[in-house]
Amino acid sequence: MIPEVIYLHYMNALLEGDKKQCFQIVNNLIEEKTCIKDIYIGLFQRSMYRIGQLWEKERCSVAGEHIATKITESLVEFTVSKLADKKETDKVVIITCINKEFHELGARMVAGFFEVHGWNSIFLGSNTPQNELIELIKLRKPQVVGISNNFYINTGRLVQLIDLLKTEFPNLNIIVGGQSLADGRADCLCKFNDVRYINTLDELENYLQTQIRILKEHLD
Ligand code: B12
């Protein structure tokens, strides 16, 4: 858990665009061995969701939101550079956003979470064309592909993409995340019996443990 006083201090610095202060706070938390999930959820996600609410009420400008997003992005890179497992690995995950989805911070965090857990993650970011993703899967042969969908308008495109991936790669492990499908809106995935919607980093952590067990059994 991140103490409330630290969250408020961080939120204040983020709203002021004070990158140095934000880095200082996060660096201190890392040095105190705060769990990465707490930093990602209790600081990064919580503050960005709050910025979304402020922006909706016109209490945070678009520029203020862009600055906060950029600071948070660089902090995710910073945490990964500090905490990623540097051992060689053949566990590969591709994390991507759908075509026309411009929210990429959550997906970057998820890619970082895989790296901290010893995976080699290939992060494609926002607005990825379907054919580019398919070519990359053929080339890199990932064990898992993670797709992010945050803007509800893109959900049709998400289903279309999964249909295409399942036709090209019937055995591919696909996970999906993002706010569009939260709060019981993941029904559109029912038609794919092996595609998982993962809503939280706790669920992702459990999923990773299962994957590692399956990969080990496969090698034995
Ligand atoms: C920053 C931001 C933007 C930035 C994004 C920049 C970037 N580089 O990412 C920009 C300016 C581009 C933007 C644009 C828009 N935005 Co915006 N944006 C936000 C904001 C404030 C923060 C998003 C964020 O980073 N959240 C923090 C991350 C960490 O959380 P997260 O994405 O949920 O990710 C977590 C989980 O969902 C999950 N997850 C996410 N992806 C994946 C993938 C996998 C595989 C897994 C396992 C898990 C997973 O794990 C993460 C960690 O827990 C949100 C507010 C909010 N509530 O999030 C609005 C918000 C998402 N935006 C919104 C809107 C409406 C828009 C615009 C339509 C605005 C406009 N009029 O142009 C456009 C749409 C662009 C598009 N076509 O995609 C709405 C969406 C409403 C809806 N129901 O769909 C929100 C909720 C704001 C609001 N309160 O109305 N936005």
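**Close-up 1. I147 and its opposite number in β4.** In this predicted model, I147 stands opposite V176, a residue of β4. The two strands on show are β3 (residues 144-148) and β4 (residues 173-177), and they run parallel, joined by five bridges.

**Close-up 2. The open sheet, strand by strand.** Zoom out from that pair and you get five strands in an open sheet, with parallel pairing. Reading across, the order goes β2-β1-β3-β4-β5. At the edges you'll find β2 (120-125) and β5 (195-197); each has a single partner strand, so one side of each has no neighbour in the sheet. Going from one strand to the next, the twist averages 20 degrees.

**Close-up 3. Where α4 meets α5.** Two packed helices are described by the angle between their axes and the distance between the axes. For helix α4 (residues 62-83) and helix α5 (residues 105-116), the axes come within 9 Å and cross at roughly 5 degrees. Angles under 35 degrees count as roughly parallel, and α4 and α5 are therefore roughly parallel to each other. On the α4 side, the contact is made by T69, T72, E73, V76, T79, V80 and L83. Facing them from α5 are L105, R108, M109, G112, E115 and V116. Sorted by class, this contact comes out as six nonpolar, four polar and three charged residues.

**Close-up 4. The shell around the ligand.** There are 37 residues around the ligand, and the ones that come nearest are G52, G106, G146, S148 and G177. The biggest giver is α3, with nine residues. By class, the shell has 20 nonpolar, twelve polar and five charged residues. Both parts of the protein take part, since domain 1 (4-83) and domain 2 (92-219) each provide at least three residues of the shell.

**Close-up 5. Domain 1 against domain 2.** The protein is divided into domain 1 (4-83) and domain 2 (92-219), and their C-alpha centres lie 24 Å apart. Their contact takes 13 residues from domain 1 and seven residues from domain 2. On the side of domain 1 that touches domain 2, the elements giving two or more residues are α3 and α4. Here α4 gives the most, with seven residues. By class, that side of domain 1 has eight nonpolar, three polar and two charged residues.

Notes
Residues are numbered from 1 along each chain as its sequence is written. This is a predicted model: local features need pLDDT of at least 70, side-chain atom pairs count only at pLDDT 80 or more; totals for chains, interfaces and linings use all residues. Axes are lines fitted to C-alpha atoms, for helices over the stretch in contact, and angles run from 0 to 180 degrees between N-to-C directions. Helices (H or I, at least four residues) and strands (E, at least two) are DSSP runs, numbered from the N terminus. Angles under 35 degrees count as roughly parallel, over 145 as roughly antiparallel, 65 to 115 as roughly perpendicular and the rest as oblique. Two residues are in contact if their C-beta atoms, placed from the backbone, lie within 7 Å. Ala, Val, Leu, Ile, Met, Phe, Trp, Tyr, Cys and Pro count as nonpolar, Asp, Glu, Lys and Arg as charged, and the others, Gly among them, as polar. Two strands pair if DSSP finds at least two bridges between them. A residue is near a molecule or strand if its C-beta atom, placed from the backbone, lies within 6 Å of it. Domain bounds come from an automatic or database domain assignment.
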